[in-house]
Amino acid sequence: MCIINQEAIKQLQSLMENLDEQQKNTFQIMHRGYPTETLVRFLKARDGNVVKAHKMLIDCLQWRVENEIDNVLSKPIPPDLYRRLRDSQLVGMSGFSKEGLPVIAVGVGLSTFDEVFDKYYVQSHIQMNEYRDRVMLPTATKNHGRHIDTCVKVLDMTGLKLSALSQLKLLTAISTIDDLNYPEKTDAYYIVNVPYVFSACWKVVKPLLQERTRRKVHVLKGCGMEELLKVMDYASLPHFCRKKDSRVPRHHVAGNTENCFSFDHVFHKQIYNYITQQAIFIESLLPIRQDSFHVDLPDPDPDDAKIAKTIETEFHKIIIID
């Protein structure tokens with residue numbers, strides 16, 4: 001485990017004194033009153049190397065400036081497209097862990113990413129990241145009286161098929177955006193409802209992951225309910241973790257369990273209403289177009305590209321064997 005010492009923090013703080021005005025402004029929006037903790041995240045992402053952490057952080061600030069990330073929460077996706085997006089990019093928030101961390105649920109296996117243009121999937125993902133960092137985590141910090149800057153993610157692998165390879169480029173790009181610009185924001189990944197195709201790939205992919213990432217990943221048995229209840233209360237379990245049989249369709253509702261992927265879920269209502277209100281405020285000052293946001297997809301890190309290629313190769317091996 002990488003322990004960040006005070007000397008490394010001081011060195012990075014000194015290097016950050018040379019920011020220009022735009023970089024300073026976007027850095028303030030990033031750290032929201034916790035600059036030291038933000039520096040530590042970037043240091044951890046570069047294993048304590050100050051020079052590399054500084055470059056990573058400067059590149060991140062430049063990315064935010066060039067792509068107007070500070071304004072992304074005032075640029076709503078048109079409602080008709082947003083509903084289609086929510087049906088094909090399955091992600092949501094189901095509650096909080098016992099330590100107060102937001103629980104983010106992701107339907108990896110049943111997400112199709114085929115209803116809208118790629119740019120909207122990227123835009124929505126970045127908006128959720130920014131809403132998490134600017135609204136959810138500060139609220140959690142206030143409610144618990146201590147700084148909270150990470151979440152836990154529960155990944156549902158139900159329905160994972162070879163067709164997922166068609167979206168590997170987009171998924172790798174989204175992952176690269178997170179790795180480069182939102183490092184160390186996830187405390188743990190819990191993977192549930194694992195089919196054979198994932199188990200076979202995981203054995204090959206796991207050794208390729210960085211040690212700090214491997215420590216965070218926990219592959220659970222079945223829907224993972226028993227293990228997850230050690231981390232969160234029943235009310236915060238994602239809907240797909242409350243069933244005993246992973247073959248139950250994704251829209252099955254057990255009792256009064258909510259599907260946290262749905263556009264009608266309270267989390268998605270809150271974030272969409274927030275973005276809409278921000279847009280109304282900004283437009284009163286300077287008119288903007290709803291669909292004006294665009295981020296160029298980044299080139300993947302060589303290690304990420306290697307992992308993606310390995311996944312593709314292993315998927316094809318399984319199909320040939322079958």
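Reply: The axes of helix α5 (residues 79-88) and helix α6 (residues 118-144) come within 11 Å of each other and cross at roughly 80°. Here, axes are lines fitted to C-alpha atoms, for helices over the stretch in contact, and angles run from 0 to 180 degrees between N-to-C directions. Helices are DSSP runs (H or I, at least four residues), as are strands (E, at least two), numbered from the N terminus. From α5, the contact (heavy atoms within 4.5 Å) involves Leu81, Tyr82, Leu85, Arg86 and Ser88, while α6 contributes Tyr120, Tyr121, Ser124 and Met128.

This is a predicted model, in which local features need pLDDT of at least 70 and side-chain atom pairs count only at pLDDT 80 or more, while totals for chains, interfaces and linings use all residues. Residues are numbered from 1 along each chain as its sequence is written, and side-chain values use heavy atoms, with hydrogens and water left out.

Elsewhere, Lys216 occupies the loop between α9 (211-214) and β5 (217-219). Lys216 is buried (under 20% relative accessible area), because its relative accessible area is 15%. Not counting residues up to four places away in sequence, Lys216 touches Glu184, Thr186, Asp187, Ala188 and Tyr189.

Finally, the cysteines: the structure holds zero disulfides, a disulfide being a pair of cysteine sulfur atoms within 2.5 Å. For Cys241, the nearest cysteine sulfur, that of Cys223, is 6.0 Å away. Cys241 is buried, with a relative accessible area of 0%.

How values were computed:
Buried < 20%, exposed > 50% of the residue type's maximum accessible area, 1.4 Å probe, protein only.
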